[in-house]
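Here is a brief report on a single protein chain. Look over the sequence and the model, then read on.

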Amino acid sequence: MTTNQATSRSRFDQLAHDLHRLGVNRRPSGRVRVAMHRRAQLKGWFLQVAISITLALTISIVLIQFIDAPTREEVTGVNEMFPKYKPSEREIKFWTTFPDWPMIPILTAFFMLATGEMSKKLRGGHFWFIRNIDSFRAARRYAPVMVIADAISACADAYESDREDRAPALRQVSCRLGAVTRSLRTAYKHRSSVPRRSHRRKILDTHARQVIAAIRKSEERLDRDPQAALQELGGILLTISDRYCEARVGALLDNEQIEGVQPGHDYEWLRIVAWAALSVGAVIFIAKLDLSEGSEPIVAIFAVLAIMAIIWNRKVRQAFDLLNIVTGGP
């Protein structure tokens, strides 16, 4: 058994144990096990890429310290090797003042290719980032399953907590459910079962918002009847996880469970308009600050990205949710 398989099996067994602790007499499907195995593969892929980039970048920065720009005599000395070629004054100036920093990404790319070829020789198979790209996509596709598993675990911990630990445990449940709702908002897009411009997406978007509203409705019961609410949430989350793995993204919950539940509002277009207006305003304001010619575009880019992070706060948190899944963080 490989390390990835052992990790995914232990995580699957933990999920089944958490459901038992909640009193949910159902086991997750085998597809959930597959999803967790994909997650373990993604973690290995991420570590391999991170190590390769770090080593390549470090070696490139060290080597660049020993590379000096050629002198004028060295550039003009090319005439001895190629008599028909005579560099112009502009070319001489370019090579003698060529900065070191463009060599860093060039050398980094070279060493990453060398690392990939070494991996191919030692481990066999294809180039590491080509061989594992399908696993990466699959792991990204199944990311909501891991978020749901973490939420079920939080529900089980809160269900068995004593009175003193109940409040922080319920707070942790709400945090985990927040990650679930952010993940489900665009889950149908990442499941790769619907074409990008399909008319089905509008229906799936409405269904996803209904499911999120149903989860929040059950979450509201935590303040009135926490034990029953936690058990109900465990069953709902398990149903969503199983059906998502089966690509039933249009039936994550039964009609009876979302009947009468109004889907939340979609403010995506408003966010786009607000981002465009604020970005234009920020660029105009920065242009009037009389910054140096080189720093002005950098400041403008950071301002636009900062505005994007503020407006699409949910997207940013979703990205951190995925990062925690990849790195195995809390």
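Is C155 buried or exposed? C155 is buried, because its relative accessibility is 0% and the cut-off for buried is under 20%. Keep in mind that this is a predicted model.

**Cysteines**

C175 makes a contrast. It counts as partly exposed, because its relative accessibility is 46% and that class runs between 20% and 50%. A disulfide is a covalent bond between the sulfur atoms of two cysteines. The count of disulfides in this model is 0.

**Overall make-up**

The chain has 17 helices and 0 strands. It holds 330 residues, and 38% of them are buried.

| Helix | Residues | Length | Span, first to last C-alpha | Expected span | Buried |
|---|---|---|---|---|---|
| α9 | 143–159 | 17 residues | 25 Å | 24 Å | 14 of 17 residues |
| α13 | 226–245 | 20 residues | 28 Å | 28 Å | 16 of 20 residues |

The span of α9 is close to the expected value. So is the span of α13. Helix α9 is mostly covered. Helix α13 is mostly covered too.

**After α13**

A247 follows α13. A247 sits in the loop between α13 and α14, the latter covering residues 255–258. What is the phi of A247? It is near 65°, a positive value in a residue other than glycine. Most residues other than glycine have a negative phi. A247 is partly exposed, because its relative accessible area is 33% and this falls between 20% and 50%.

**A35 in α2**

A35 belongs to helix α2, which covers residues 30–64. A35 is buried, because its relative accessible area is 1%, under the 20% cut-off. Which residues does A35 touch, not counting those up to four places away in sequence? They are Y142, V145 and C245. M146 is 111 residues from A35 along the chain, and the two C-alpha atoms are separated by 8.1 Å.

**V211 in α12**

V211 lies in helix α12. V211 is buried, because its relative accessible area is 0%, under the 20% cut-off. Leave aside its neighbours within four places in sequence. V211 is then in contact with L184, I240, L252 and L253. Q262 is 51 residues from V211 along the chain, and their C-alpha atoms are 9.5 Å apart.

**Cavities**

How many cavities of 30 Å³ or more are there? The count is 3.

How values were computed
Residues are numbered from 1 along each chain as its sequence is written. This is a predicted model: local features need pLDDT of at least 70, side-chain atom pairs count only at pLDDT 80 or more; totals for chains, interfaces and linings use all residues. Side-chain values use heavy atoms; hydrogens and water are left out. On a 1 Å grid over the protein atoms alone, a cavity is a set of points where a 1.4 Å probe fits but cannot get out, and a pocket is an open set with protein on both sides within 12 Å along at least five of seven lines; lining residues have an atom within 4 Å of a point. Grid points are joined across faces, edges and corners, and a volume is the space filled by probe spheres set on the points. Helices (H or I, at least four residues) and strands (E, at least two) are DSSP runs, numbered from the N terminus. The expected span of a helix is 1.5 Å times one less than its number of residues. Buried means under 20% relative accessible area, exposed over 50%, partly exposed in between (1.4 Å probe, protein chains only). A disulfide is a pair of cysteine sulfur atoms within 2.5 Å. Contact means heavy atoms within 4.5 Å.
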